[in-house]
Every structure is written in structure tokens, then in C-alpha cells.
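Please look over the sequence and the model below.

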Number of protein chains: 2
Amino acid sequence: METATCTAPVNIAVIKYWGKRDEKLLLPINDSVSVTLSEMYAKTTIAASPNFSKNRLWLNGQEQTFDSPRIINVLRQFQEEVKKSGAQGEKYSWNIHICSENNFPTAAGLASSAAGYACLVYTLATLYGLQDKIELSSIARVGSGSACRSVFGGFVQWEAGIRADGADSVAVQLAPATHWPDLEILILVVSDNKKKTSSTGGMERSVKTSPLIDYRAKQIVPGRVEKISKAIQERDFDTFANITMQDSNQFHAICLDTFPPCVYLNDVSHAIIDVIHRLNEASGKITAAYTFDAGPNACLYLMRQDVPHVLNVIKRAFPSDRDHAPDYIKGIPVADQPIPETVAKKMNLEPIGQNLLKYIIHTRVGEGPQILPPSESLLTNSGLPKNH
Amino acid sequence: METATCTAPVNIAVIKYWGKRDEKLLLPINDSVSVTLSEMYAKTTIAASPNFSKNRLWLNGQEQTFDSPRIINVLRQFQEEVKKSGAQGEKYSWNIHICSENNFPTAAGLASSAAGYACLVYTLATLYGLQDKIELSSIARVGSGSACRSVFGGFVQWEAGIRADGADSVAVQLAPATHWPDLEILILVVSDNKKKTSSTGGMERSVKTSPLIDYRAKQIVPGRVEKISKAIQERDFDTFANITMQDSNQFHAICLDTFPPCVYLNDVSHAIIDVIHRLNEASGKITAAYTFDAGPNACLYLMRQDVPHVLNVIKRAFPSDRDHAPDYIKGIPVADQPIPETVAKKMNLEPIGQNLLKYIIHTRVGEGPQILPPSESLLTNSGLPKNH
């Protein structure tokens, strides 16, 4: 039996991917740009053995059927890339056991599929010793579009490409994680029970029905990608923050222009947006930038020195009975620091409502996928999940 | 003392006006189309007398200063049109007392300024016997853009025009109120405490910051205006309804693409949108169409025969402690009629929340401004409000 255990990180887009030009190959209609996060990752062990009677898959402790079209697509694409690389051997025909888990709640709408598919591909490649020999991002892409961006750490651009076969639709690293060490992230997990439109279904409907989506993809996004790439290179937070917020808003505008509309933001999301604009106004500078994926949770980008007092602004606007619970702020610990008096005064902060946030995650810009030692394996020596 | 008392109706746009090309003359960047409502109107008495020592104004029972720039603009524009018409006389130099009230709550965000300014202009013209001699819609327009559409009953188009002086930015009637007698309207007044962005401030910010607004105005709206005008002429409810919903969504998409975003819809508005789409899906036909102005209240267009059961769908999704109160459904009385069983079954309607609606108004397509007899005057013989 051969095994490999790896992690792959979550990424959050600042220029959003929304709309496919090819549903099967998951080719997007526009470039996107993301930041890879530390602290939040998928961890996957894959074992291959001539003794396994079939392929098996466990996700977050639950065995799943192996016939998900996305998993099958990824494995097929992987095998094609292996063939192209010239690698061969008996082990490629062995059945595999895949065991994967996230270190964050899957249901919270926190880009779990991106980390999951990136981790699947990276772990497969590691298992066969091919991680530097094949293009991993385009394999991850066929599992979940944005997964291609989780193949790298730091700042990543997914180039839409123009080829029909998708060979040029790949992720590239714009800058490594160490490039902008004082950029940090707060994720505000919003309490929400609404049944949501899946992002796959939503973006398909947007492409079919939104009269604005094509104009966005062709006329707006290219300029924004160029400007935000430059802002990242120059560590120009003002530009980075403004484009991030505007592109989040435009993505959700396109969702609303879809028919029937896809609505991912709720009243709490909009209250967060309002608080951040008031904070920036009161600070006399852009202190924080919000972005929202296909769900109500906010992701805030901000500079390290502002994290403690912005956290207090958030806690004051959205008080929780669990404010002081040790697990209310997850991830990197944050020192306490009062809101500067002038800012507090100008914002005139009143609580918006109690328990509107479930918890907060504090992270920073993170590295790409990592190989873990055998001791970290999620599978036993017989290839079954350790925790069951 | 000479007096005139008139009413002017509320109108609700189906192709939305959003964005000005001239802030002072209130010239829009695109045509809009509206339906004039019955039941909901402003009522205004104007008295002119050589004995009045100054101009005075009462709105909904409260005296207001007479120096509002919008009122001054309307009066100036009126005087210019009077001059152009060749009318003259001593009475044009007399001071005036204006008393105006709405028969619906002003604060509910129900297009009260449109009815109010249309009524001001129509009553002024009536006072001087000029209502057929001067172009009223362009005078109303300088008070509140959409007021120009309340100068007519039935179905109305506001032509954006291209002239810098706004002379061609006028309203025209597409069809009279009697044209489509079985088209009716339900207005769902949503409970909401949020401080809202004024529509004037919002549309100014949209023009300055939304990268999509110009594309909407130039590339999307003209086709929609043409199609919906034809649908109105042909009483084609399906097309009318689909364009109405799509244009409401796109208007709110542009608001969200504005920076900082303007947010007028709340969770209840979105829940109403969702219920209407589910209703249409379950009915196997477009039964109702929603549209939202710059506020959370829904305006539903539907056919007369569907009003009773759609009302029951709304009551079941949004139950209220006041469901059975005599003033919960205002306007035209509605017979009770159960939801067709197949529709109820397919919709699988669960209550979304209690008391999310304040009340409902049932109206139909209405006539334009009306002249009332002297007995209806809001002013006493000495020119002061009767009710104070």
C-alpha cells in the first residue's frame, strides 16, 4: 500500500469568478484573482493498493459513493495528464481509498469545495510523485472551478484562457504568501437558515439570463484584474480594497440581474457592508474591505495593526452572547485594543442586533498545498479511516 | 380669493427611472414606463389672493417653509410656461397658500412625491384655467422626476429626450386606464425600520460610480420599453410581467453595483420575490409580477380573477396578527377564495415569519389628475387649513 497525506488551503476571490463558457470543462467567462488563506484547509489522505477491491471515499467522516461526476472528472483528467507526462507503472491501475476532512465547518459556505478538490489533486500527484511534473491547477479546475486557485499560496490569478479544450485555463501565482506579510483577514460567519441556490446552478442561470453579465466579463473585469494585480505587486491597500469591495458588489449585482434572481446576501451581510463603509468614512482612510462569495458570510481584508480595533467595531455592532467564549474568535489569536475614540465617536455605533454572527475566523495570507508526514495519515495501515 | 382643489395619482414604474443626465432639470438617462394607480392619490388645494402677505405651504397637516428648492423650481418653471402661453393678469402676482395631503402613509415609501408634485402642478394650472394650455408633465418633472408620469392616467411613458433644456423630456400616455380593465395591483407594505438612502442621493451616486448603469440605460432599456409598450397595447400579461420583474431586478442590481451600494430590498422583499416565483412555477403560468421602487415594499401586478387566491398565498406565507383586521387589506375589497389545491400542494407553502407585512393595498389601473368641487377644498374661506 502506498499513501500520501496533504493539505490544501481555502482561497477567497477578490475579483470574482461567476459564469462558465463551458459547463463540462468548467471554463470561466472571465479571469479571477484570489488570496490564499492560512488556518483554513482541507486535509486528505489517499492510499493505493493492489489489495483494495474498489475505490472508496470518506468526506468529513462519512463514506460517500464514488460516482460523483466531479470526482470522476478529476480522476479522468488526472489520468490524462499522467499519460501526457509519460509516467507509467502498475500502481496507476490500483484502486484507491480517499479520506478527506476540512478543519472548518463545511456547511458554513466557506469555499470548502475549492480546498477539497485542490487537496484531492495535490495528494494524488504526491502519491505518484508527480506534483512537479504535471499542471495541477487545470485538473483541480474540473472538480470545482475555483479549486484551481487553491493549488498556489499567496496571491493567485486564474486565467480564463481562450482555448476550447481549456488547456490555457490555469492558475498562476501573482505573488507568494510572504509578499504582503501584514495583510490579514477576518471572516464573519453569519447566522443563516435560508436554503441557498448552489453556485453552480446560480452561475449557469446568470449566464443564460443576465443581460449585464457579458458586459461585466468583457468590459469591466479585465481592467480590474490589471489594476488589482498592480495593487498587489505594490502593496497598495487602498486600491486593493476599493476594487475588492466593488467587485464583490458587482458580482452580487449580476446575481440579482439573473432571472429568477440569485440572492446570497442577507440583511446581516448588508449591515456588515454598511458598518465597513461607516468605519472607513470615520477612519478617514480605507481600514477594511469586504468581499462576499455565494453566501452571506463576510470576508474582510485589513492591515495587521487594524485587526484588534476593527474586531471591536464588529463586536460592538454585532454583539453575541458568545463574545467572550474561547472559540468565538477562531484562528490566529487577537490582542484586545479599544476603538480609537475619534472613530468610535464619528461612527456612533449602536448594536444592530444580538447573535447575528455565529463566530469569527482570523487568518492571514497563506501557503499553498503542503505534504504531511505519514504520522498525519487519516487512514490506518489497512486503508480505513482512523477515526471510525 | 381664487381656489382650486385637485387630486393626482400615484404611479409605479415597470421600466425604472434611475439616473439623471441633468441634476437641476431632472432629465433622466433612460425612458421609463409606469402604470397609474387608482385609490392612492395626493389631494391639493391652492388659493391665490391679493390679501395673502406671503406664500404658505401645508403638507399632511404640517406647515412647511416655502423655500424648498424643488417647490421653487416648480413655481419658476410654471411661470415660464405661463409666459410662453401668453396668459397674463394681475392674479399671477398674488401670493398663494398651498395645502396638500396624501390618502396613504407618506413614510411608507410609496411614491408620494410623484403624486404630490403632479398634484401641485395640476392644481396650479387649474387655478389659472391653463390645464389644457401648457405642457404639465415637464413642470411636474422639475419637482420630482417621476411626478411627470402622474400627470396621466393609465399607462405612461416618460421619454428621456435628448435636448439640453429638457423640452423633449415629457410624459405621454401609452394607453388610458380603461384599456386593460382586468389588470390589478396589490401593494405589500413591508415592516422596515432601516434608514434608507434617498432615491435622489442614490441615483446620483449610481451615475457617478456604477460601471453598469450606462450599459443598462443605453443597451438594455430601449428594447425593454419597446417590448413592454407592445405588451401593454396587446394586453399580453406574460411579456408585461416578465419584463416588469426583470427590470425591477436590474434596477436593484445597479443599486448594488453603486459604491457604496444602495440597498433598498430587505430579506422580506427577497422572500416576496421568492414566493412569487414559486407561485408562478406552481401555477404553470405567470400569475403575478413583482416590482420594487427605492424601498422594501412590493407592488404586484396580476389579473383580477387571480387577486383573491394570490392574496391568500401572501397571507399564508406572511401571516399577520392583523390578518383579519378590517384595515389590513386597504383599497378595493377582495372576496375570499382558497388557493387552488394543485398550486398549494406544489408550492408547499410554509409561513416565512409573523408580522413581516404592515398591510396590503388593493388597487387597479387609475385615471390621471381630477378637479374636485369647491366643497372638497382643504382651505377655509380665509385660506387656512380646514383641519387645524
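**Interface and interior**

In this predicted model, 3 residue pairs are in polar contact across the interface of chain A and chain B, with both residues of each pair at pLDDT 80 or more.

Which helices of chain A each supply at least two residues of the side that touches chain B? They are helix 5 (213-233), helix 6 (237-256) and helix 7 (267-283) of chain A. Helix 6 of chain A gives the most to that side, with 9 residues. Sorted by class, the side of chain A that touches chain B has 14 nonpolar, 9 polar and 3 charged residues.

The contact draws 26 residues from chain A and 26 residues from chain B. The size of an interface is often given as the accessible area lost when the parts come together. Here chain A and chain B bury about 2,200 Å² between them, and 72% of it is on carbon and sulfur atoms. Of the area that chain A buries against chain B, 28% comes from Leu212(A), Leu256(A) and Phe259(A), more than from any other three residues.

Next comes a strand of chain A. Is strand 1 (residues 2-15) of chain A largely enclosed or largely open? Because 12 of its 14 residues are buried, strand 1 of chain A is largely enclosed by the rest of the structure. The cut-off for buried is under 20% relative accessible area.

Strand 1 of chain A has pairing partners that can be followed in the model. It runs antiparallel to strand 4 (residues 32-49) of chain A, and 12 bridges join the two. Within this pairing, Pro9(A) stands opposite Tyr41(A) in strand 4 of chain A. Strand 1 of chain A also runs antiparallel to strand 15 (residues 370-372) of chain A, to which 3 bridges join it. There, Thr5(A) stands opposite Leu372(A) in strand 15 of chain A.

The last stop is a single residue. Thr363(A) lies in strand 14 (residues 357-364) of chain A. Its relative accessible area is 0%, so Thr363(A) counts as buried. What is Thr363(A) in contact with, leaving aside its neighbours within four places in sequence? The residues are Leu37(A), Ser38(A), Glu39(A), Met40(A), Glu184(A), Ile185(A) and Ile332(A).

Note on methods: Residues are numbered from 1 along each chain as its sequence is written. Chains are lettered from A and ligands numbered from 1 in the order in which they are written. This is a predicted model: local features need pLDDT of at least 70, side-chain atom pairs count only at pLDDT 80 or more; totals for chains, interfaces and linings use all residues. Side-chain values use heavy atoms; hydrogens and water are left out. Buried means under 20% relative accessible area, exposed over 50%, partly exposed in between (1.4 Å probe, protein chains only). Helices (H or I, at least four residues) and strands (E, at least two) are DSSP runs, numbered from the N terminus. Two strands pair if DSSP finds at least two bridges between them. Contact means heavy atoms within 4.5 Å. Buried area is the accessible area (1.4 Å probe) that two parts lose on being put together, summed over both. A polar contact is a pair of N or O atoms within 3.5 Å; within protein, one must be able to donate a hydrogen and the other to accept it, and residues adjacent in sequence count only if both atoms are side-chain atoms. Ala, Val, Leu, Ile, Met, Phe, Trp, Tyr, Cys and Pro count as nonpolar, Asp, Glu, Lys and Arg as charged, and the others, Gly among them, as polar.
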